Amino acid sequence: MNLELSEEQTAVRELARDFTAREIAPYVTEWDRAEQVDRAIVKKLGEVGFLGLTIDEEYGGSGGDHLAYCLVTEELGRGDSSVRGIVSVSLGLVAKTIAAWGNEEQKQHWLPRLTSGEYVGCFGLTEPGTGSDAGNLTTKAVRDGDTYVVSGTKMFITNGTWADVVLLFARTNDQPGHKGVSAFLIPTDSPGLTRREIHGKLGLRGQATAELVLEDVRVPASAMLGPEGKGFSVAMSALAKGRMSVAAGCVGIAQAALDAAVRYATEREQFGGPIARHQLVQELISDIAVDVDAARLLTWRVADLIDRGLPFTTESSKAKLFASEAAVRAANNCLQVFGGYGYIDEYPAGKLLRDARVMTLYEGTSQIQKLLIGRAVTGVSAF
Ligand code: FAD
């Protein structure tokens with residue numbers, strides 16, 4: 001693996017850094033307190049090409065490889081995880097999955113709208129009764145002539161109240177022993193689909209997380225993404241790449257924690273000099289620095305494997321597991337460096353910690369990543 005960035009990758013990282021400094025950083029505390037990111041950010045993300053990374057230009061994408069996608073995700077995550085999550089879901093879980101599994105008509109219809117930011121996508125897998133055990137989901141899609149009638153409830157859906165389309169997973173076959181889950185692209189203004197925003201989240205407060213209720217929502221059979229009964233494979237393939245994106249966002253959090261901790265430790269004085277002079281403060285900072293590098297290298301390795309067409313699923317789980325735990329450690333160490341000021345939201349450490357915490361939960365908890373890695377390493381499934 002070549003650890004040097006190409007000119008193009010360096011340029012895209014600079015672009016993302018500038019964008020974050022200009023369009024995100026000044027508003028982060030305001031959005032966090034208001035529990036809402038300014039929706040205008042979506043169009044801006046589309047205009048600059050960040051919602052079309054890795055998608056072919058013929059479908060409105062901005063091309064680029066997965067390392068470029070990681071670099072942008074990292075920079076956005078360094079600024080605000082809520083904004084980063086909009087991209088990780090609308091592009092990472094929805095548009096990229098349509099690009100991988102969609103037929104020509106689906107790609108022509110959805111991709112230009114998603115990559116431009118005209119539309120937002122959301123990913124509807126989790127249900128109130130099935131989170132880690134997603135394969136046992138109970139939302140049903142019953143065939144009726146040329147349509148499917150979909151009923152069920154989806155929980156914790158990122159972008160849920162903002163989205164124009166939900167990539168939704170529903171059971172199309174109830175035969176015992178047959179998983180029979182299929183994927184559907186459902187416009188969120190479909191009659192029978194209602195949404196309720198979930199408030200009071202510990203972190204990612206700027207993000208529109210919602211419960212989606214579907215009561216006899218009728219969709220044409222052509223709304224199915226991928227073959228009937230292959231929906232679980234569609235979901236798992238989306239999450240395998242999605243975990244790399246979460247990991248990159250975690251690198252961004254850890255880097256932001258490092259930047260803030262170094263700045264504060266060199267400015268804040270106690271016992272007659274900057275606190276950076278104290279060995280135990282340096283321990284906190286050096287632990288963050290090591291976490292940043294290790295998480296970044298694991299994440300870039302996944303991007304490199306994908307771009308070379310090599311297997312990457314287990315590496316993606318390793319990167320997501322390590323980077324998410326590292327982001328929590330890094331943000332917590334950063335808060336410690338800030339002392340009491342770390343505990344109030346005029347300073348960045350508290351928000352970094354609150355935003356980092358969910359990374360160990362979604363797209364497969366840390367326990368689930370360990371089971372996936374354990375199965376790959378031992379050949380024995382502990383599920
Ligand atoms: P459970 O599955 O009930 O797990 C509870 C605990 O038990 C966890 O610690 C878990 O690790 C552990 N556990 C479960 N099974 C095992 C096992 N076999 N062995 C060991 N431990 C186990 N979902 C979507 O579909 N789309 C989204 O866009 C989305 N966005 C989200 C945004 C936020 C802010 C949050 C909080 C969640 C989001 N989710 C989304 C849902 C998320 O993916 C689930 O919360 C996650 O998969 C865990 O499911 P659960 O919450 O039902 O926990």
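Predicted model: local features only at pLDDT ≥ 70, side-chain atom pairs only at ≥ 80, totals over all residues.
Colleague: Into which domains is the protein divided?

Modeller: There are domain 1 (7-120), domain 2 (123-229) and domain 3 (233-378).

Colleague: How many Å separate the centres of domain 2 and domain 3?

Modeller: Taken over C-alpha atoms, the centres of domain 2 and domain 3 are 30 Å apart. In the contact between these two domains, eleven residues of domain 2 meet nine residues of domain 3.

Colleague: And by class, what does the side of domain 2 that touches domain 3 have?

Modeller: That side of domain 2 has eight nonpolar and three polar residues, with no charged residues.

Colleague: Turning to the ligand, which residues come nearest?

Modeller: The ligand has 23 residues around it, and those that come nearest are Leu125, Gly131, Ser132, Thr365 and Gln367.

Colleague: Which domains does the shell draw at least three residues from?

Modeller: Domain 2 (123-229) and domain 3 (233-378) each give at least three residues to the shell around the ligand. In terms of secondary structure, at least two shell residues come from each of strand E1 (121-124), strand E3 (147-158) and helix H11 (366-378).

Colleague: How do the residues of that shell divide by class?

Modeller: The shell around the ligand has 13 nonpolar residues, eight polar ones and two charged ones.

Colleague: Now the helices. At what angle do H5 and H7 pack?

Modeller: Helix H5 (residues 81-101) packs with helix H7 (residues 231-267) at about 155°, and their axes are 9 Å apart. Because of that angle, H5 and H7 count as roughly antiparallel. Their crossing is right-handed. On the H5 side the contact includes Ser81, Arg84, Gly92 and Trp101, while the H7 residues include Val234, Lys241, Gly249 and Ile253.

Colleague: How many residues of each class does the contact of H5 with H7 have?

Modeller: Seven residues are nonpolar, nine are polar and three are charged in the contact of H5 with H7.

Colleague: What about H7 and H9: are they roughly parallel or roughly antiparallel?

Modeller: H7 and helix H9 (residues 313-338) pack at an angle of about 20°, with 8 Å between their axes. H7 and H9 are therefore roughly parallel. The crossing of H7 and H9 is left-handed, and their contact has 23 nonpolar, five polar and two charged residues.

Colleague: And how far apart are the axes of H4 and H7?

Modeller: The axes of helix H4 (residues 66-79) and H7 are 7 Å apart, and the packing angle is about 45°. H4 and H7 are therefore oblique to each other. The crossing of H4 and H7 is right-handed.

Colleague: Which residues make the contact of H4 with H7?

Modeller: From H4, the contact uses Cys70, Thr73, Glu74, Glu75, Leu76, Gly77 and Arg78. From H7, the residues include Met244, Ser245, Cys250, Gln255 and Ala256. By class, the contact of H4 with H7 has eight nonpolar, six polar and three charged residues.

Terms used
Residues numbered from 1 in each chain as written. Axes fitted to C-alpha atoms, helices over the stretch in contact; angles between N-to-C directions. Helix = DSSP H or I, 4+ residues; strand = E, 2+ residues; numbered from the N terminus. Parallel < 35°, antiparallel > 145°, perpendicular 65-115°, else oblique. Left-handed = near helix turned anticlockwise from the far one by under 90°. Contact = placed C-beta atoms within 7 Å. Nonpolar A, V, L, I, M, F, W, Y, C, P; charged D, E, K, R; others polar. Near = placed C-beta within 6 Å. Domains from an automatic or database assignment.
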